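Look over the sequence and the fold first, then read on.

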Amino acid sequence: MNSFDSKTPLFEPIPNSRRRFLGISLGVGAIGIVPGCTSTPTRKPVVALVLGAGAARGFAHIGVIKVLEAQGIRPDMVVGSSAGSVIAALYASGASGNELNRLALNLDEATIADWGLPFAGRFGGLIKGDALQAMLNREVHNKTIEQMNIPLGVVATDLQSGKGILFRSGNTGLAVRASCSVPGVFQPAVISGKEYIDGGLVAPVPVSYARQMGATLVIAVNISSEPVHQDASGTLGILQQTISIMQRSINQYELKAADIVITPQLKQMSSADFKSRNAAVLAGEIAAQEQMALIKEKLRG
């Protein structure tokens with residue numbers, strides 16, 4: 001796989017040492033005066049919607065967005081990992097929940113799965129990712145990450161160092177492609193000479209990255225599958241089970257940093273079950289409605 005040509009916007013991956021300085025300007029909310037206590041200013045929370053990894057289970061993110069929109073809740077930023085980065089990018093570009101729903105219903109798997117030779121080349125991987133990148137860029141009208149309507153963060157994993165990388169600028173489709181590059185399924189994405197793979201390996205639900213972008217109130221959507229519900233047969237089944245076990249361990253720490261966690265009940269829906277997209281969207285709607293009272297309470301507080 002070739003890296004960028006000279007006309008392609010370069011990315012600016014942000015290392016851990018610099019992330020804590022980001023989003024300072026976002027953190028300055030409207031200041032009001034509490035009656036009877038004029039010396040205590042209040043700040044409007046900086047709300048982040050954090051969308052987690054889960055492949056086809058990611059359609060549930062659309063249901064969550066639809067319910068938030070129906071209640072007039074619009075986040076100040078959106079951060080996504082793996083499948084969550086797909087929905088995050090589309091939403092950040094200006095697509096409404098209903099528009100995302102229509103796109104999901106009309107999505108042909110062939111448009112995002114340009115199959116290469118199984119386990120061919122240096123890295124292996126079944127899907128090259130070119131079609132996914134092209135589809136994303138087409139749907140966001142070729143906006144770069146920094147041109148989005150809502151500040152966007154896309155999380156991927158540096159293949160060489162194993163560290164998480166937060167992309168805040170550059171080619172949107174390529175960043176999402178990197179974030180979705182599940183080892184053994186997608187070939188790694190090459191960006192400025194470096195290889196990147198699935199963001200879900202380091203941050204299945206990237207709450208900490210939203211905090212680093214300046215969020216003071218995090219609404220996280222966890223669509224990770226439980227290992228007990230996975231089919232562990234065959235090579236790909238074992239791979240998915242391994243990832244599920246790893247993600248569950250990471251989420252135990254990551255989700256503690258969220259203010260609200262929405263967990264759609266996807267039961268035994270597999271990560272490759274694109275036929276159940278309607279059920280996934282509905283599960284997202286139900287889960288968001290169940291948390292709405294808490295969300296409104298946190299927003300008032």
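## Overview

This is a predicted model. The protein has 301 residues, and 52% of them count as buried. It holds 10 helices and 11 strands.

Take the contacts with a separation of 6 or more: residues 24 or more positions apart account for 74% of them.

## Strand 6 and its partners

Start with strand 6, residues 152-158. It is mostly covered, with seven of its seven residues buried.

The bridge partner of D158 in strand 9 is Y196.

## Strand 7 and the hairpin

Strand 6 and strand 7 form a hairpin with five residues between the strands. Within this hairpin, G162 takes a positive phi near 80 degrees.

In a regular strand the side chains alternate between the two faces of the sheet. Strand 7, residues 164-167, can be read residue by residue. G164 and L166 point one way. I165 and F167 point the other way. Are these residues buried or exposed? All four are buried.

## Helix 2 against helix 3

Two packed helices are described by the angle between their axes and the distance between the axes. For helix 2 and helix 3, the angle is about 35 degrees and the axes are 10 Å apart. Helix 3 spans residues 83-92.

Which residues meet at this contact? From helix 2 come H61, I62, I65 and E69. From helix 3 come G84, I87 and Y91. The residues of this contact divide into four nonpolar, two polar and one charged.

## Y91 in helix 3

Y91 belongs to helix 3. Its relative accessible area is 1%, so Y91 is buried, the cut-off being under 20%.

What touches Y91, beyond its neighbours within four places in sequence? The list is L49, I65, E69, R74, P75, V78, L100 and I150. Of these, V78 is 13 residues from Y91 in sequence. In space, the C-alpha atoms of Y91 and V78 are 8.2 Å apart.

## Helix 9

Helix 9 runs over residues 277-290, which makes 14 residues.

The buried residues of helix 9 include R277, A280, V281, A283, G284, A287 and A288. They cover an arc of only 160 degrees around the axis, so they lie on the same side of helix 9. What covers them? The cover includes helix 2 (60-70), helix 4 (97-106), strand 11 (260-262) and helix 10 (292-300).

## Two loop residues with positive phi

Most residues other than glycine have a negative phi. A55 has a positive phi near 55 degrees, and it is not a glycine. A55 sits in the loop between strand 4 (47-51) and helix 2. Its relative accessibility is 39%, so A55 counts as partly exposed.

H141 also is not a glycine, and its phi is positive at about 60 degrees. Where does H141 lie? H141 is in the loop between helix 5 (130-139) and strand 6. At 64% relative accessibility, H141 counts as exposed, because the cut-off is over 50%.

Notes: Residues are numbered from 1 along each chain as its sequence is written. This is a predicted model: local features need pLDDT of at least 70, side-chain atom pairs count only at pLDDT 80 or more; totals for chains, interfaces and linings use all residues. Side-chain values use heavy atoms; hydrogens and water are left out. Buried means under 20% relative accessible area, exposed over 50%, partly exposed in between (1.4 Å probe, protein chains only). Two strands pair if DSSP finds at least two bridges between them. The expected span of a helix is 1.5 Å times one less than its number of residues. The arc is that of the directions from the helix axis to the C-beta atoms. Contact means heavy atoms within 4.5 Å. Axes are lines fitted to C-alpha atoms, for helices over the stretch in contact, and angles run from 0 to 180 degrees between N-to-C directions. Ala, Val, Leu, Ile, Met, Phe, Trp, Tyr, Cys and Pro count as nonpolar, Asp, Glu, Lys and Arg as charged, and the others, Gly among them, as polar.
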